[in-house]
Amino acid sequence: MARGFRLIFATSLLLALLGLCRGSTIGVCYGRNADDLPTPDKVAQLVQLHKIKYLRIYDSNIQVLKAFANTGVQLMIGISNSDLLPFSQFQSNADTWLRNSILPYYPATKITHITVGAEVTESRNNASSMVVPAMKNVLTALRKAGLHKKIKVSSTHSLGILSRSFPPSAGAFNSSHAFFLKPMLEFLAENQSPFMVDIYPYYAYRDSPNNVSLDYALFESSSEVIDPNTGLLYTNMFDAQIDALYFALMALNFRTIKIMVTETGWPSKGSPKETAATPDNAQTYNTNLIRHVINDTGTPAKPGEDLDVYIFSLFNENRKPGLESERNWGLFYPDQTSVYNLDMTGKGAVSMTTETNVTSSNGTWCIASSTASEMDLQNALDWACGPGNVDCSAIQPSQPCFEPDNVVSHASFAFNSYYQQNGATDIACSFGGSGIKVNKNPSYDNCLYMTTGSNKTAASNATALASTTTTSAANGSFAWTMSCLLMALFSFL
């Protein structure tokens, strides 16, 4: 009996420790301020194809919630500033919203966070006083449904909520927001909800290029900025801004609240004065950001601290007002093609040149990976034959590549066609990890696989680099996990 109890206790403890060692995550914001975006079901396919596991939307649109049912993608949903008044005034409004807009789709659609209001201190009609009452009513509604421990409630803020952010150790909240900040922070601490913030080093560089170097903003700096009060060294602005928030929280004695970055990114195009808004800079920032986050390096003030980050945004949004850059933050164009190459896993090698400038070897093909799940292959196949613009007629019944009639065979033909038509690059064979390059021609009988390109050495080197990077990341992740488990175990003992 005692042995059985110890086994149960050990299993429970291990699960708890694994929860503590979850690690940092990368998500993407799915804004819809445009009139040319694909339908939500097609977006769901695109998101799964690129292995995006976390998504933020800014409302609780029913069609979006339905599209992401049973996909495994975890959603952060929002309550807009315009709805804060009714949500803050009457509990019944929050109850009705939850009953009609959330419960019919949960848990098939995984909802993990609800943002109540967005950057309220920046809005024209400052709705700050309504935020905490609305948050409390939403939490009460969740508690009635038994979901208050599964769905976290918070509100997003701009970095403008700070009055000082440099040096990071001097980080302090703007005193004009104190009337709502203190009760909000108390709510977050009590309910173990994150402090959500939108951080944009791009704006810091654009607005003050004489004080902020481009390399420092892009995680590319070879020099260090020293905080004179702490001696901490900073090699990028992102970490400095995060730590300014941590120090601001500590100054108010809120030491247990975690920070979540609900928006960050870099535009790929801008007005004539926005010279840093380029595809290369956007690719550099987001690539370095992803690697920085998933390596769980934390920040100088919080080394090893988990940090969940959402990249803004999934698509370019043509109806956003303001400068040209405002409409060009997307990872994808509305036709679902990539604005630039980006490996969302942070594990592979990413070419810093455009797809049209890189060709692979003469005699390489792209086929379905034997380790990919059938669901992943089917999603990738549907995308390739749809938004990917591959001619899939050859895998239709009675056509030369229909047999064998299985998803692996059909996906291999479609993957290779897309791969060859798009420069035969490594990224063109990724399919979210479902594609793999081979040197043996997979053609059979009358089913002929397309082949194009030259420059075998470049392709081989890129593949080797991707493999090396992946192995290194995997080893580092394993070592970090074991270290985390040991530290957490001792904290329990």
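This is a predicted model: local features need pLDDT of at least 70, side-chain atom pairs count only at pLDDT 80 or more; totals for chains, interfaces and linings use all residues.
Two rings of Phe, Tyr or Trp count as a pair here if their centres lie within 6.5 Å. Let's walk through a couple of them.

Start with phenylalanine 219 and phenylalanine 238. Their centres sit 5.8 Å apart with 40 degrees between the planes, and the pair is tilted. Phenylalanine 219 is in the loop that runs between helix H9 (214–217) and strand E9 (225–226), while phenylalanine 238 belongs to helix H10 (residues 237–251), so the contact ties together parts that are 19 residues apart in sequence.

Now move along the chain to phenylalanine 413 and tyrosine 449. Here the centres are 5.5 Å apart and the planes meet at 80 degrees, so this pair is edge-to-face. You'll find phenylalanine 413 in helix H13 (residues 407–421) and tyrosine 449 in the loop between strand E14 (435–438) and helix H14 (456–492), so this pair ties together parts 36 residues apart in sequence. Buried means under 20% relative accessible area. Phenylalanine 413 therefore counts as buried at 9% relative accessibility, and so does tyrosine 449 at 8%.

Back to the phenylalanines we started with: Phe219 and Phe238 are part of one aromatic cluster, together with Tyr200, Tyr202, Tyr203, Trp266, Tyr285, Phe312 and Trp329.

The charged end of arginine 32 sits over the ring of tyrosine 30, 5.8 Å from the ring's centre. Lysine 302 has its charged end over the ring of tyrosine 246, 5.1 Å from the centre of that ring.

Note on methods. Residues are numbered from 1 along each chain as its sequence is written. Side-chain values use heavy atoms; hydrogens and water are left out. Rings of Phe, Tyr and Trp (its six-membered ring) pair if their centres lie within 6.5 Å; planes under 30 degrees apart count as stacked, over 60 as edge-to-face and the rest as tilted. Helices (H or I, at least four residues) and strands (E, at least two) are DSSP runs, numbered from the N terminus. Buried means under 20% relative accessible area, exposed over 50%, partly exposed in between (1.4 Å probe, protein chains only). A charge sits over a ring if NZ of Lys or CZ of Arg is within 6 Å of the ring centre and within 35 degrees of the ring normal.
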